[in-house]
Structures are given as structure tokens and as C-alpha cells.
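Biologist: I would like to learn how to read a few features of a protein model. Please take me through them one by one.

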Amino acid sequence: QVQLVESGGGLVQAGGSLRLSCVASGRIFRLSTMGWYRQAPGKQRELVATITAGGSRNYADSVKDRFTISRDNAKNTVYLQMNSLKPEDTAVYYCNLQVTGTWGQGTQVTVSS
């Protein structure tokens, strides 16, 4: 059974940066599209970014030019580099392995103004 473990969240001031990591167990990682999603209090979970097995990227309009998704198949890890953070980026960030629908436990990102 695939498991995903996120890390890298924390408290940062507006304008700052964080890098999230998500480590997956199992060989299926390199075959699957990976995604980062987020859920703010009282809101639905929303897509942040995805990266296919071949490396094609897709971003939500709200994070384009600020966030970068990447993957290292040798380490079974997907990253989310977040720059120029805004208070509205505050949320729990979740990693998703698309082919199995597996979710991580989430990591909290809080951006203070």
C-alpha cells in the first residue's frame, strides 16, 4: 500500500518562502502524476499544482509565478517551492498520488501579514 508523508510546513511572514516535500513509498511513484492541494479553514480543498510522470506541470492561477512543483524519482519525492507567500496561502497542504488516489496527512502552512 502506497503511503505519502509530507513535511516542510511552518510559520512564515508574508513575502517569505517555504519548500514542502512529500515522500512516497512504492515504485508506482515514478509512473504517477503527483499533485499538491490545499485546504483553508471553512473552504474546500483546491488544486495547487500537478506534475506528470514526464515532468509536465500545471498550476492554479493564484500561485503561478510564485510556486514551483518538481519531482525526484530517484528519491520518490515531490516538492513544492513556495515563494512570495501571502496570508491567503495559509492552509493545510496535501500531497496526492493520482494513480491510486492516495493522500498524505497534510502539513500546515501559516503566512502572517
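Modeller: Start with burial: buried means under 20% relative accessible area, exposed over 50%, and partly exposed in between, using a 1.4 Å probe and protein chains only. Tyr94 has a relative accessible area of 15%, so Tyr94 is buried. This is a predicted model, where local features need pLDDT of at least 70, side-chain atom pairs count only at pLDDT 80 or more, and totals for chains, interfaces and linings use all residues. Residues are numbered from 1 along each chain as its sequence is written, and side-chain values use heavy atoms, with hydrogens and water left out.

Biologist: Is Trp103 buried, exposed or partly exposed, and what is its relative accessibility?

Modeller: Trp103 counts as partly exposed, at 36%.

Biologist: How do I read aromatic pairs, and how many does the structure hold?

Modeller: Rings of Phe, Tyr and Trp (its six-membered ring) pair if their centres lie within 6.5 Å; planes under 30 degrees apart count as stacked, over 60 as edge-to-face and the rest as tilted. The structure holds two such pairs. Tyr37 and Trp103 are edge-to-face, with 5.0 Å centre to centre and 70° between the planes. Tyr37 sits in strand S4 (residues 34-39) and Trp103 in strand S10 (residues 102-103), so the pair links distant parts of the chain, 66 residues apart. Strands are DSSP runs (E, at least two residues), numbered from the N terminus. Tyr94 and Trp103 have ring centres 6.5 Å apart and planes at 85°, so this pair is edge-to-face.

Biologist: Which charge lies over the face of Trp103?

Modeller: A charge sits over a ring if NZ of Lys or CZ of Arg is within 6 Å of the ring centre and within 35 degrees of the ring normal. Arg45 lies over the face of Trp103, 4.5 Å from the ring centre. Arg71 lies over the face of Phe29, at 4.6 Å.

Biologist: Which residues does the disulfide join?

Modeller: A disulfide is a pair of cysteine sulfur atoms within 2.5 Å. The count here is one. Cys22 is joined to Cys95, S to S 2.1 Å. Cys22 is in strand S3 (residues 18-24) and Cys95 in strand S9 (residues 91-97), 73 residues apart. The torsion about their S-S bond is about -80°, so the disulfide is left-handed. Both Cys22 and Cys95 are buried.

Biologist: What does Ser21 touch?

Modeller: Contact means heavy atoms within 4.5 Å. Not counting residues up to four places away in sequence, Ser21 touches several residues, among them Trp36, Thr77 and Tyr79. Ser21 lies in strand S3 and is buried, at 15% relative accessible area.

Note on methods:
Helix = DSSP H or I, 4+ residues; strand = E, 2+ residues; numbered from the N terminus.
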